[in-house]
Every structure is written in structure tokens, then in C-alpha cells.
Amino acid sequence: MSTPISNPTLETIYQRRSIRQFLDQPVDDHLIKQILDAANQAPSAHNQQSWQFIVIKGEKKQQLGQLVSKRASDFPKASAAILRMAGRTLASAPVVIGVKNTGSLIAHGSSLFQIDKERSFDFFRTMEIQSSAAAVENLLLAATSLGLGSVWLGILYLIKDDVLEFLGEEQGEFMAVIPIGYPRKDAGGPKKVPLEYVLKEMQ
């Protein structure tokens with residue numbers, strides 16, 4: 001779909017694709033820093049920035065891919081196939097970014113808001129997820145704007161505890177794993193339903 005408005009930000013949004021195969025080409029550290037700086041500019045509840053970014057490269061990245069592929073056999077056929085594909089994507093990408101929620105907003109908000117503990121936890125946990133999701137979207141768009149490909153491997157939530165333990169990050173909550181690199185090919189994105197199918201106007 002062509003961009004309806006000539007605007008750099010909108011062009012990046014329309015160009016973003018989920019890329020699962022990457023060239024065997026390293027990504028400069030300064031580009032990764034630019035991407036993470038952009039992610040860190042995302043809005044966050046109470047400006048707590050309750051996220052942490054973990055850069056994974058080299059042997060550690062290969063081991064993560066192997067872990068994902070190995071765990072695939074523990075799941076039914078459909079999810080196992082997607083996990084194996086995720087393992088191949090991790091192996092293909094030169095850099096992987098892990099994102100976790102730190103829990104700092106939950107701790108801060110629980111003392112700030114005088115509501116019962118269970119309700120407070122659910123409220124601020126949701127806000128942490130929303131904040132980190134905004135940071136991940138910034139990350140994906142920044143990568144696209146720099147000519148890089150990326151994909152949010154949501155299927156890894158099935159083995160989130162294993163991933164956190166592998167990264168040595170048992171404290172906090174799993175949020176995302178994003179491989180980044182130069183796309184092997186641009187397969188195009190899936191067709192989106194027209195806006196009118198998802199738009200509801202109220203006056």
C-alpha cells in the first residue's frame with residue numbers, strides 16, 4: 001500500500017515489515033544505540049520507563065536460538081512449528097534485543113495509590129506492559145527508518161520463564177524478543193483490512 005501522505009514518519013510506519021530472514025552482515029553498534037535511544041523515548045506511565053533492554057549477540061544469541069528450537073518439541077504441532085521458525089530467525093539475525101518489564105512502576109504505584117494490593121498490582125502491571133509495548137514499537141520503527149529489518153517474536157511468551165532464566169533476568173517480567181538485521185529479502189507485508197472495518201465513531 002502506498003503512503004497517502006508524503007511524511008517521513010508515516011512513510012516509515014507504512015514501510016515497516018516483520019522480517020524473519022537476515023543477511024550475514026553485522027549491524028554497527030552505533031545503529032543499535034540509535035534504535036535503543038529511540039525506544040527509550042517512548043511514553044511511559046508516571047515516566048517510570050519501567051523497561052530494560054538486553055542486547056544479545058554472538059554465541060549467546062546462537063544458544064538462545066538453540067533453546068527455542070529445543071523447547072519447540074514440548075508443544076503441539078502448530079505452536080511447535082512457529083517456535084522452530086523463531087529459532088531459525090534468531091540464528092539468522094546478527095543482533096537480538098530482549099525487553100523486560102522491571103516492576104519499578106508496580107512498586108512505585110502501589111505506594112502512591114491507596115487501593116487494595118491485588119487491584120493495584122493488576123493496574124500497574126497493565127501500565128508497565130502498555131509502556132514497554134510503546135517502547136518496542138518505537139524500536140521497530142527506528143530499525144525500519146535505518147534500513148534494518150526486525151520482528152517481534154511474540155511466540156516466545158510460551159517459554160518466557162526459560163528465556164528470562166537464560167538471560168539471567170529472573171526478576172521482572174518478559175516482554176519481547178526482537179531480532180534485528182539487514183533483510184535478506186522484502187517479502188512485503190500482509191494486507192491490512194481497510195480502516196472502516198476497525199473504526200467506530202461516536203458523537
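The following legends describe close-up views of a predicted model.

Residues are numbered from 1 along each chain as its sequence is written, and side-chain values use heavy atoms, with hydrogens and water left out. Because the model is predicted, local features need pLDDT of at least 70 and side-chain atom pairs count only at pLDDT 80 or more, whereas totals for chains, interfaces and linings use all residues.

View 1. The mean pLDDT (the predictor's confidence in each residue, from 0 to 100) is 93 for the protein, and 97% of the residues score at least 70. Helices (H or I, at least four residues) and strands (E, at least two) are DSSP runs numbered from the N terminus. An unreviewed UniProt entry carries the annotation "domain: Nitroreductase" for residues 13–182; such annotations may be inferred rather than shown by experiment. Over residues 13–182, the chain is 53% helix and 14% strand, with the end C-alpha atoms 18 Å apart.

View 2. An open sheet of 4 strands has the order 1-2-4-3, with antiparallel pairing. Strand 1 and strand 3 (149–150) stand at the edges with a single partner strand each, so one side of each lacks a neighbour in the sheet. Two strands are taken to pair if DSSP finds at least two bridges between them. Strand 1 (residues 51–56) is joined to strand 2 by 6 bridges, and Trp 51 stands opposite Asn 101 in strand 2. Strand 2 pairs with strand 4 over 7 bridges, where Ile 97 faces Ile 178. Strand 3 and strand 4 are paired over 2 bridges, with Gly 149 opposite Gly 181 in strand 4.

**View 3. Burial of strand 2.** In strand 2 (residues 95–101), 7 of the 7 residues are buried (under 20% relative accessible area; exposed is over 50% and partly exposed in between, with a 1.4 Å probe and protein chains only). In a regular strand the side chains alternate between the two faces of the sheet. Val 95, Ile 97, Val 99 and Asn 101 point one way from strand 2, and Val 96, Gly 98 and Lys 100 point the other way.

View 4. The structure holds 7 salt bridges, each a side-chain nitrogen of Lys or Arg within 4 Å of a carboxyl oxygen of Asp or Glu. One of them joins Asp 29 to Lys 57, with the closest N and O atoms 2.4 Å apart. Asp 29 lies in helix 2 and Lys 57 in the loop between strand 1 and helix 3 (58–71), so the pair ties together parts that are 28 residues apart in sequence. Asp 29 is exposed at 51% relative accessibility, whereas Lys 57 is partly exposed at 36%. Within helix 2, Asp 37 and Lys 33 are 4 residues apart, about one helical turn; their closest N and O atoms are 3.0 Å apart. Arg 71, Asp 74 and Asp 162 are linked in a network of salt bridges.

**View 5. A nonpolar surface patch.** Val 193, Leu 195, Tyr 197, Val 198 and Leu 199 form a nonpolar patch with about 590 Å² of accessible area together (Shrake-Rupley method, 1.4 Å probe). Patch residues have over 30% relative accessible area and no salt bridge; like charges are joined within 9 Å and nonpolar side chains (Val, Leu, Ile, Met, Phe, Trp, Tyr) within 5 Å. Leu 195 lies in the segment after strand 4 (173–181) and is exposed, with a relative accessible area of 58%.
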